[in-house]
Amino acid sequence: MTNESKPQTLTLNKEFRHAYYQGKSRATPYFICYMVRGQSGQIRYGITTSKKIGNAVKRNHARRLIRAAFWSVMEQAQTGKDYVFVAREGILTAKSYQVAAAMKKCLQYLSQPGNDAGRKDKNRRTAAPKKKGQAGVTD
């Protein structure tokens with residue numbers, strides 16, 4: 001694989017937060033994937049593993065599985081997009097081919113146009129309906 005096709009990694013906290021809050025998401029038993037339009041014209045990815053997964057050895061194992069799966073299905077990834085993967089506990093018992101299959105389906109799903117999986121409408125405010133007897137409610 002040449003350096004031109006090698007994906008870059010996300011390193012800054014603001015890049016991860018941008019994906020969490022502005023990106024489309026899809027959950028699998030092994031990880032949660034966020035996809036957002038990136039600032040560069042390249043494919044970039046980041047991996048997050050929390051202490052909920054386990055000790056450092058388990059977290060590194062989860063990162064290796066996700067990294068290997070992403071590299072194996074990278075042709076499904078869109079150029080100019082950033083991907084963030086958040087490991088879940090199920091990844092510790094998964095085989096690499098299971099993670100790769102889940103990632104392939106996830107990337108296909110997120111790359112479909114008009115598919116706003118997991119998008120939250122930030123501008124819409126939802127208020128709880130008022131109960132009868134409260135001020136401002138007519139019977």
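**Sheet and salt bridges in a predicted model**

In this predicted model, the bridge partner of T9 in strand 4 is Y45.

User: How many bridges join strand 1 to strand 4?
Analyst: Strand 4 covers residues 44–48, and strand 1 runs parallel to strand 4. T9 and Y45 are bridge partners. The number of bridges joining the two strands is two.

User: In what order do the five strands lie in the open sheet?
Analyst: The pairing in this sheet is mixed. Strand 1 (8–9) and strand 2 (24–27) are the edge strands, each pairing on one side only. The order is 1-4-5-3-2.

User: What angle does the direction of helix 2 make with that of strand 4?
Analyst: Helix 2 (residues 56–72) packs on the sheet. Helix 2 touches strand 3, strand 4 and strand 5. The angle with strand 4 is about 155°.

User: Which residue forms a salt bridge with E15?
Analyst: E15 lies in helix 1 (residues 13–22). Leaving aside neighbours within four places in sequence, E15 is in contact with L10 and R44. The closest N and O atoms of the salt bridge are 3.2 Å apart. The partner of E15 is R44.

User: Is D82 buried or exposed?
Analyst: The side chains of D82 and R44 meet in a salt bridge (2.8 Å, N to O). D82 lies in strand 5 and R44 in strand 4, so the pair ties together parts that are 38 residues apart in sequence. Buried means under 20% relative accessible area. D82 has 2%, so D82 is buried.

Definitions and conventions: Residues numbered from 1 in each chain as written. Predicted model: local features only at pLDDT ≥ 70, side-chain atom pairs only at ≥ 80, totals over all residues. Heavy atoms only, no water. Pairing = 2+ DSSP bridges. Helix = DSSP H or I, 4+ residues; strand = E, 2+ residues; numbered from the N terminus. Contact = heavy atoms within 4.5 Å. Axes fitted to C-alpha atoms, helices over the stretch in contact; angles between N-to-C directions. Salt bridge = Lys/Arg side-chain N within 4 Å of Asp/Glu carboxyl O. Buried < 20%, exposed > 50% of the residue type's maximum accessible area, 1.4 Å probe, protein only.
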